[in-house]
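Colleague: I would like to learn how to read a model with several chains, beginning with the places where chains meet. Could we go through it slowly, one feature at a time?

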Amino acid sequence: MTPEPMKGSDMKAPATEAATHRERQGSVTAKLGETAPPAREKRAGSREERRTAYLMLAPMMVLLAIFVIWPLIFAFRQSMYQGNFYKPPVFVGLDFYKYVLTDPGFYQSLKVGAYYAVIVVPGGMLIALLIASFIKTLGSRMASFMKTTVYLPTVVSAVIASVLFKIIYADQGLANWVLSLINVAPKNFLGSPTMVIPAVAVPGIWLGLGITTLIMLAGLLDIPDSYIESAQLDGAGFLKRTWYITLPLLRNVLLYLFVTGIVAAFQEFLLPLLIANGGPVNASTTPNLYIFNQFRAATPYAMTFSITASLLLFIVLGTVSALVFRLIRSEKAVDA
Amino acid sequence: MRRGKGLIALTLAAASAVSLAACGSGSAGGTGTPAASGTPGAVETGCSSATTVTFWQQKFEDYQQAWYKKYVAQFNASQNCVNVVYQVVPGDTWTQKLQAAQAAGTQPDVVTTNYGNIKPGVAQGQFSALDDYLPASAFADIKSNVAPFVTQNGKHWGYPMLVEPSTVLYINTDLAKAAGLDPASPPKTWNDLIDWATKLTSGNVKGITIASVAADLGWSSWGLQYNSCGHFPITDDWSAGRATESCFADLVGLYKTLYQNKLMPQNPKTGYADATPYMNGEVAMMVDGSWALGAIKQTKPDLLPKTVAVPFPTKDGGTGETTATLGGWTLTLDAKSKHPKEAAAFISYLAAGDPNIMADFFKQAGYSKYTTRTSVDQAIATNDPSTKQDANMKTISEDIVAHGIAEPQYPWDISLAMGTAIEAGMKGTASVDAALKTANDSINSTIQKQQLKGTAPQS
Amino acid sequence: MPEMTRSRRTLVVKWVLLVLIAFSLVLPLAWMALSGFKRDSDVLKSPFSLLPEVWQWQNYTAMFHDSPYMTAVGLTMLGALIFTGLSLVVNSMAAYVFARLDFGLKRYFWVFCIMPMFVPGMSILITSFVVVSKLHMLNTLAVLIVPGVAAAGQMFFMRQFFLAMPIAVEDAARIDGCSRWTIFLRIFVPNSTAVFVVVGITSYMAYWNAYVWPILTISNPTLQQIMPVLANFVDDRGPQYGQLMAASTLAALPTIVLLLVFQRYIVAGVRLSGIK
């Protein structure tokens, strides 16, 4: 279900990709073409290499097998039984999959999750990119200061951020006070179905900004200065440089941030729970919050239902991510 | 203490014909002193090694944890047969922790269970009946309006500790007087309430605060649903939803008026159960559980004399009607407990034994929760005569608790569907009728999927 | 000189930007720290104010005498550091394999290793508990650390960076007869400090913020972790906001100190300049 990795054989150093990319734009410098490492031919590894591979993979595979796959198989099994450990469980087959898939609430929660992800992931990545680009231009002392500062929101827990943002969005809160300065009538941030998700997304972006920025920064620092310098010599401004050089070179990092961002955003649960309690009328009930709400009842039905719903969420997330991988790969094929 | 100790001995002795050697946790040879008789206070409980009993308490207000800690320690010190290991579990992880433990077979012997979960739990075979372990006198002590909450098939499946009505109206008398309203004659009907809330809303102060999101509305409106319709939105035999009856629309209408006329906070800073906005003077009236009184006593004592607690108004102004369900907690004994006798001895000690122990609990609670045992009432009257003069306590106890009914026993999905309907109606995302129609469909679907028809528990 | 004025102007703009960004990022943290000095009900008071009306120093001082809290902070730090170390070792090795090595089953192994990234915690919460309880891991430090060490997301992240490592260097090393292990340890690890620091921070925070899992698996009070302890100040019937803020602020300090120490490693690696 998850797509295959970009294999060694079709892997190239991003520098080469950037060069190809720029070639198509017709603005490549000869120098860049030369410095890019050559693409590498590779065949299936030798025996020694295979042994090394298995050895290095072993700890990860074993740990995942025990602590993820085993429980996961158990969970699939459990989703086909209804029971509470006091009476013999009743085999229900795939009934609960039907129950979840016929519940409008499940689809509504997926929509909410998607809406939230669509705001938080690109929004967060854009802001992080801007801040990271800014940090890169700073001298080392200012940069040190910023690298620490940008991470500070992350040490604030979601619980506390929720208390703060609830106060900010309150009727006489900070947000409405700012709006009153520009003569906008007070807004009902958490009571309006259209505004609640953007309102919850703000702390979402803010809490995730630190790590996203540091990751972007690590990616940016990986780009040799010479590329940027030669582009500068070509007279490319910040936006042009970012679009034609930085972003293509950051592609591996962006792919990572995008996929993990989507997965995390879909699973966001604490912020909408604590800030809006899933309301108004389920407008902020994300998939995990939907599952959590089902789970509040301590009945055998609720347990099987919530496990089934979260397994279906797993399938949704896996499929979405597989599509993202595929899209990026097909684009790459065009590129190469 | 002395008496408490005697009671354990009594319980242990009465519990079974087997000698107390059982306390020795399998140690051969019966080093324990056999319980020779059931004479209270006469038996010394000597055991070579203590049996470990685990007890999980769902976390609530701080004083509760302090109280449990104190009396668990006292219980452990009072005898050497049973050692209770006590753990506090936060409410938001309770279900997960308990179910995980049940799945792994590491579940605790004793837990705090609310009334709403007793009968579903009995249906699932989750509890052991306490009748086999506690003396009959312990059950005779339970007040007659509470006993049905824990009784099924003629047996007691949990020992009730407290009741607390989940819907009480609190009025800030200073603000009421300033608005020309007389707190001595509080709102009687829903229209009065709207009128009061309108008059009390001025500037940054809202007239009232009440639940406004489905998850809170689901349970806090139970009493109001019952008041409006005389029943919950499901037939008595749980065969069909009845949410589309017009009396439920009336209730949604009340919430809608309060919300749409901006008589209540549009973006509340806290959930229903948290009294902070009222304590900060941001709202003139508050609908909250009786526990709010305890919070005010602890956090803002100067507000206490300026607060009156009254029953939530009834639809038509009738008095002596039900406007609140009685939430509350019991101690239950796990059906799979390996040491039911010892575990029951602890339940007996804490909840059913010396009335002074529970009396202390209510004292710590600032009398914002209500007793379940006649003997505890007597103990409070003796220990703390001043409580008699507390008008708010009297009102809650005589006008609300006395008419309170048990929380509904049906699955939470049904309550949540109703909460969602009320929220949709009040916030205008759907017409009142459409919202209730959706709720009714959802209730019927729950009935079908969970095969509820005919499973309503009878006491 | 125009050159001079221009760079000076740039510097001023940079400073202004820096202060603005820093201010908006730090404000909530400052609010948390200052709210720690407030009385419980004042924390929610309107209109919004940063400074307390009455300074409640005892919210902070009480924490130092709260031994379960102090133990939890220390123990959680210890656990987080061990967790981070193990996590870096396990995930970086796997990341290297997926970025560089080739073997027949790679495709399937990759799916196996990346799939856990999409598994919602909720779906395996109860069954994971059953597993660790079968393994007799309940109430140990190990149960907090080991199950989360192998993290698909972290591995994926490192792999993405390893992919960008120029192959030329590696080829040269291969020709010199270096083994894969040597290449990994001598070339990849030292040239990826920024990546290791970023992954390390994420792992550290993931452990630090764990809430439900420690509550499920730990009943021994001496092994209590920080998030469950902080949860003691929260309940929906009236959290002790002041103490919650104070306790959270103090608990955040060790993390901030670690960050101050390690942020300097998030700089350009030597590898790229070394290649040219």
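Colleague: How many residues of chain B are in contact with residues of chain A?

Modeller: Please keep in mind throughout that this is a predicted model. When reading an interface, one counts the residues on each side, and here 32 residues of chain B are in contact with 31 residues of chain A.

Colleague: At what angle do helix α3 of chain B and helix α5 of chain C pack?

Modeller: For a pair of helices one reads the angle together with the distance between the axes: α3 (residues 94-104) of chain B and α5 (residues 121-134) of chain C pack at about 45°, and their axes are 8 Å apart. That angle makes α3(B) oblique to α5(C), and the crossing of these two helices is right-handed.

Colleague: Which residues of α3(B) and α5(C) meet there?

Modeller: From α3(B) come Q96(B), Q99(B), A100(B), A103(B) and A104(B), and they meet L125(C), I126(C), F129(C), V130(C) and S133(C) in α5(C). By class, this contact has 7 nonpolar, 3 polar and no charged residues.

Colleague: How many helices and strands does chain C have?

Modeller: Chain C has 14 helices and 0 strands, whereas chain B has 19 helices and 12 strands.

Colleague: Is chain C compact or spread out?

Modeller: Here one sets the radius of gyration beside the value from the globule rule; for chain C the radius is 24 Å, well over the 19 Å that the rule gives for 276 residues, so chain C is more spread out than a compact globule. Along its principal axes, the C-alpha trace of chain C spans about 75 × 70 × 30 Å.

Colleague: What percentage of the residues in chain C is buried?

Modeller: Buried residues make up 51% of the 276 residues in chain C, and in chain B they make up 58% of 459.

Technical notes: Residues numbered from 1 in each chain as written. Chains lettered and ligands numbered in written order. Predicted model: local features only at pLDDT ≥ 70, side-chain atom pairs only at ≥ 80, totals over all residues. Helix = DSSP H or I, 4+ residues; strand = E, 2+ residues; numbered from the N terminus. Buried ≥ 20, exposed ≤ 12 C-beta atoms within 10 Å, placed from the backbone. Rg over C-alpha atoms; globule rule 2.2 N^0.38 Å. Axes fitted to C-alpha atoms, helices over the stretch in contact; angles between N-to-C directions. Parallel < 35°, antiparallel > 145°, perpendicular 65-115°, else oblique. Left-handed = near helix turned anticlockwise from the far one by under 90°. Contact = placed C-beta atoms within 7 Å. Nonpolar A, V, L, I, M, F, W, Y, C, P; charged D, E, K, R; others polar.
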